[in-house]
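Please keep the sequence and the structure in view while reading the points below.

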Amino acid sequence: MNNMEIELITFGKIVDFLPAQKIMLEDIPDTDGLKLYLEKSYPQLKTMKYKLALDQQMVQSNAQLKNNARIAIMPPFSGG
């Protein structure tokens, strides 16, 4: 069994239903698994576009999670 603590940091309207927090994950080894977990736990997330950053690096493809990783969940950026 693979347990790890992940820090979630949220931005924009995502904060309304998914506040920043630390969560314990069990047997979720990567960002694809994390997205599925979050979308099941917070169905509002499934209906919107968002990006993940893992330890301050934008996630472009599935990435391995490590204990104490920091995941930022961000709505799409707009110009300015």
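In this predicted model, Glu7 stands opposite Arg70, a residue of strand β5. That pairing belongs to strand β1, residues 3-10, and strand β5, residues 69-74, which run in the parallel sense and are joined over five bridges.

- In general, the strands of a sheet pair through backbone hydrogen bonds, and they do so either parallel or antiparallel.
- Strand β5 also pairs with β3, here in the antiparallel sense and over four bridges, and Leu52 stands opposite Ile73 of β5.

**The hairpin of β3 and β4**

- Strands β3 and β4 run antiparallel and are joined by two bridges, with Leu54 having Gln57 in β4 as its bridge partner.
- These two strands form a hairpin with two residues between them, and Asp55, which sits in the turn, has a positive phi of about 50°.

**The helix across the sheet**

- Lys35 lies in helix α1 and, with its neighbours within four places in sequence left aside, is in contact with Tyr50 and Leu52.
- Lys35 counts as partly exposed because its relative accessibility is 30%, a value between the limits of under 20% for buried and over 50% for exposed.
- The C-alpha atoms of Lys35 and Asn67 are separated by 17 Å, and the two residues are 32 residues apart along the chain.

**Glu39, a buried acidic residue**

- Which side chain of opposite charge is nearest to Glu39, a residue that is buried yet has no salt bridge? The nearest one is that of Lys46, which is 5.3 Å away, whereas a salt bridge would require a nitrogen-to-oxygen distance within 4 Å.
- Glu39, whose place is in helix α1, does have a polar contact of 2.6 Å, which joins its side chain to that of Tyr50.
- When residues up to four places away in sequence are not counted, Glu39 touches Leu45, Lys46 and Tyr50; Tyr50 is also a contact of Lys35.

Definitions and conventions:
Residues numbered from 1 in each chain as written. Predicted model: local features only at pLDDT ≥ 70, side-chain atom pairs only at ≥ 80, totals over all residues. Heavy atoms only, no water. Pairing = 2+ DSSP bridges. Buried < 20%, exposed > 50% of the residue type's maximum accessible area, 1.4 Å probe, protein only. Lys, Arg positive; Asp, Glu negative; His and termini not counted. Polar contact = N/O pair within 3.5 Å; in protein donor to acceptor, adjacent residues only side chain to side chain. Contact = heavy atoms within 4.5 Å.
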